[in-house]
Amino acid sequence: MQSRYNLGVICGCFDINMASWAITLLSILSEVVSLLLIRAYETTKYVFHQGFRDGRRKIPPLRKAFLSYPATRLAKMLRKRQLSSEELVNAIIARILEVEPFLNAVVEDRFKAALYEARQADKELALCKDTKKLARSRPFLGVPFTVTNSIGVKGLLIETGNEARYGVRSRNDAILVSRMIAAGGIILAVTNVSESCFWVECSNHLYGRTNNPYDLHRTPGGSSGGESALVSACASTLGVGWDISGSIRLPSAWCGLFGHKPSPGFVSNDGTFPDKHRALRSQIVVAGPIARTAEDCIATMRVIADDPSTLRLDEPVDVGNLRVFFCDHEGATWVSSVQPKMRKQVRRVVDFLKNDFGVKVQPFPEAEKLAECQEWWFNYLAAEDPDFQLSFDGPDNLSGPIIELVKHASGFSLHDSHSVAFNLLYELYRLDLGKCRKSYRAFERFKHCLRDLLQDNGVLILPSTTSIAPFHHGTLCNPLRYLRLAGLINVLQLPATIVPMGLDYRGLPLSVQRRQAERHNEETLSAGATRTIALVIGRVCDRNDIMRGSSTLARLLYLLSELLSLLSVRTYETVKFFFHQGFRDGRKKLPALRTPFLSYSATKLAQMIRNKELTSERLVLAVIARIREVEPLLNAVVEDRFEAALSDARKADMELAACEDIVKLAKEKPFLGIPFTVKDCICIKGMLAEVGNLSRRGFRAKEDAECVIRLIAAGGIPLAITNVAEMCLWIESTNHLHGRTNNPYDIHRTSGGSTGGESALLSACASVWGVGTDISGSIRLPSAWCGIFGHKPSPGLIACKGVVPETNLDLKFTLNVLGPMARTSEDCIEMMKIMADSPSTLGLDDPVDIGALKYFFCDHEGASYVSSIQPEVRKQVHRVVEFLKNDFNVQAKPLPEQQKMARRQEWFFSYLAAHKFPPLKLDFAQPGTTWEPTTELVKLLSGHSSRTNIAIAVNLLDEFYRRDPEKCQTSYREFEAYKRRMYDLIRNDGIIILPASASVAPFHHGTLCSPTLYFGMGGLINILGLPSTIVPMGLDSRGLPLSVQIVGPQNQDRLTLAVARELERKFGGFVPPCKIIE
């Protein structure tokens, strides 16, 4: 026993000997295994559910309909004075601020300058007497627009997502930007791109990953993904992108927009980046419009083209006289990798042209040669310019992709994985220059044949891409599949237009691509403007699509490829998580706190209000603003009562103004005017009480819970209810009603559960104080993982009336206790005085002699040899032991019978069974009914269960332990004997120091890899009936909270809170997850 203790001390505190290395190695190994299990789980979930059913993570609805109008229509409304430019710009700014936390599309904005320019535009419009002339000379006067981060805007960033270009700003406007401004346009922002614009997904190390507005788990495409996401979300009127191999067309297709790649030479590239190899760029790199209508694309082309008259955009096009060819695949000989629904769009256009215009549409005769198009693209670059490079580290510094691959695998590369992969492909094709030239000659022959075929009036209809928008990183599983159809058109130097064709049954955009004879931009744009083409697809796809080769074989191969693709994606993400500890998503961090008083304790704020230094109304308004700022990142709030809270705040200010005895008021209403939040199982009259359960959807509380009544009587103002795990039965806060709550310190990690919404909001300084419940760590784990104080009281001190689920058990057997959560120990003490049934019996104001207490400690979970608790977490226990020794001359002793803690999980469920605690599978929405976890597990795998996987897992554990009543009783008797020994040990003056958890906050779903490790540590304290306080101890090297758990004798809550206060004084307590701007 003593040797194991010494090993623990050495490993936990000093980390210097061989045992420490062994534990560190095992810790790393367990992390890898854990992450592999997480990804395997997520793969299964994606297969059955096509992404997490996260109902809250959708972009907000559009509240101003005119934001969906075409830019040309908005310009017309401005000229007719039906709308002002300032009103339009303000509305778009508000929309950007609303959707940006979901999309992460904006790199840098110029909102203030845009508003000034909008006012100037309004003045110009007011003075104009000839609106027709104005429409010709300045067609976009007063209309805001955006461009990608590869197009220069004077004074704004032009980093193209490359860390080597961090902070580089454009000295001048790009030519096309100057033309848009001259046409009256107002540049509003620059948008996110893939690194150096060289991938079909929009992700980089500088600004992170942009999400698709139709499904945030999917990519919007690249490189112009930020632009397409913003335009699609109606947060920009129109945009301009940059296309080298589909960078306009893929994002347009995946975000349901019109996107036009012009013929090379029509639009100047001056002022765009990368700016090397100008001769080659002028042949394959072009800038073009991205918009919600074909009309806007045409109008934009008139403005940005070098010589608009050569485009003949105003000339009528007789669609019936066009020579039309089609190909619905990518050159496959047997089975096409183009999804059936994408091929179907080509057929729909063909049928439309035949039926409505009588056009004879012919199959493309050279279709099989399209299989070589990706090879041709790379070989074209190598043959035309052997010195052409795809990686741009700086002015003269080019690094090899092999070196970057090694650096990326070890976490030291400045480049994104997509950029490294793309450069590796390029290097692969350049290995044999002789073969490159031979392939290039074959391409030249194909190019001449195609031009002869299309002549001056030919149109080729192709799939816009091989699939609907894939999941993030899905393109890496088969990169050539997505690049193949896009890059060929660039090297052929043909124009192409993407036309949206409605949505599939999952609500994802479908589209088609039109390509035509060289320099005939007007034919694709005019054809794309035909309204009747943009039909909406029905919810169920036509299952009789004719696929190349055997239809059954094709479907089976396609399904297999999708499954392999998903497995590849998850394997890739596992490696990325291991090396980078989550995606380096710099933009997805909590916003800085601009109102410093929101970080103050509730006690201090109440004193400020009584001293007239702050009003309750101002405080409530500030908290509401902070909630709205962080909620898109955290997803912590279930329902708010902001308007009612503001009314209550004004009443509190009036009561305070009329008060003549402040001292008496402080005693009667110590928290007058202070807003608070509670978790979604504590009833507030008229508000939701769903507890994350689908069967309770829409259920509202009829009365306030007893604790809420007491807090309101003390002057508190209920502000919102926060997210929980389904029925509060897990240590992660996720459910099918309100989705998943994220940790403020790292949104890729859990905030804990079941009180995770509460802890996340408090930690983000978006709530002043909160109330949680605890049945097996539901207050303590979230508090520990979010770096705040949380107290689990002794059972029976606080009435549980009005808390869901309610039971009729004798109070002494009730595990579920209510407790305070706050950023300071002082607030926890004050809240206990308010909520307790008999505050005077607690002695919370009595002095506590810290040095006179007995201390015991345990730094592990009952392990016999190697603890699975992280060394940094164990170290916090020893920091407290050292503090007590140095500051109070108290020697803490090892806790006896430490190995018995390994049985905590068995004891917990045996306790439930022995006391006839209702089965966890009881349906609290329909009293007296139950649900079968085994049946629900089968339904879950087939996508038909209304329960979360976590709720099912906990119930399966409950059933497992209840299956043998005799064994349960034996286990319970052993526990009771252990409990008596613990009570004899600590008596009325003993303190036990324990780890707060097994680790710092794990990644989402990481707790499922070792559920008993996380779930059981909290439950043991509950069944022992002891009070426990979580104390934050600072942050680890990754900026994640570290904590320790202080356990005391039953009904001696004052002792654990007093020790917590001393530790807060010594170690600093709460550390905010964001900057505080004074």
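User: First up, is R179 buried, exposed or partly exposed?
Analyst: R179 is partly exposed, since its relative accessible area is 24%. Here buried means under 20% relative accessible area, exposed means over 50%, and partly exposed is in between (1.4 Å probe, protein chains only). Keep in mind that this is a predicted model: local features need pLDDT of at least 70, side-chain atom pairs count only at pLDDT 80 or more, and totals for chains, interfaces and linings use all residues. Residues are numbered from 1 along each chain as its sequence is written, and side-chain values use heavy atoms, with hydrogens and water left out.

User: Ok. What does R179 form a salt bridge with?
Analyst: With D306, and the closest N and O atoms are 2.5 Å apart. R179 sits in helix α7 (residues 175–182) and D306 in the loop between α11 (294–304) and β9 (323–326), so this pair ties together parts that are 127 residues apart in sequence. D306 is partly exposed too, with a relative accessible area of 39%. A salt bridge here is a side-chain nitrogen of Lys or Arg within 4 Å of a carboxyl oxygen of Asp or Glu. Helices (H or I, at least four residues) and strands (E, at least two) are DSSP runs, numbered from the N terminus.

User: How many salt bridges in the whole structure?
Analyst: The search finds 35. One of the pairs is D859 with R874, at 3.2 Å from N to O. D859 is in the loop between β24 (854–857) and α28 (871–888), and R874 is in helix α28, 15 residues apart.

User: And is D859 buried or exposed?
Analyst: Buried, at 3% relative accessibility. R874 also counts as buried, at 3%.

User: What about R981, which side chain does it meet in a salt bridge?
Analyst: That of E897, with N to O at 2.7 Å. R981 is in helix α32 (residues 965–986), while E897 is in the loop between β25 (893–894) and α29 (904–914), so the pair ties together parts 84 residues apart in sequence. R981 counts as partly exposed at 33% relative accessibility, and E897 is partly exposed at 27%.

User: Which residues are linked in a network of salt bridges?
Analyst: R63, R95 and E98 are.

User: Switching topic: where's the patch of positive charge?
Analyst: On the surface, where K435, R437, K438, R441 and R445 gather. Patches are made of residues with over 30% relative accessible area and no salt bridge; like charges are joined within 9 Å, and nonpolar side chains (Val, Leu, Ile, Met, Phe, Trp, Tyr) within 5 Å. K435 lies in helix α16 (residues 433–454) and counts as exposed, at 53% relative accessibility.

User: Why is helix α8 largely enclosed?
Analyst: Because eight of the eight residues of α8 (residues 225–232) are buried. Among them are G225, E227, L230 and V231. After α8 comes C234, whose phi is positive, near 60°.

User: Last one, what's the overall picture for the chain?
Analyst: There are 34 helices and 28 strands, and buried residues make up 62% of the 1078 residues. The accessible surface comes to about 40,700 Å², with 54% of that belonging to carbon and sulfur atoms; areas come from the Shrake-Rupley method with a 1.4 Å probe, and for residues only the protein chains shown count as cover. Of the contacts (heavy atoms within 4.5 Å) between residues at least 6 apart in sequence, 77% join residues at least 24 apart.

Key
Lys, Arg positive; Asp, Glu negative; His and termini not counted. Charge placed at Lys NZ, Arg CZ, Asp CG, Glu CD.
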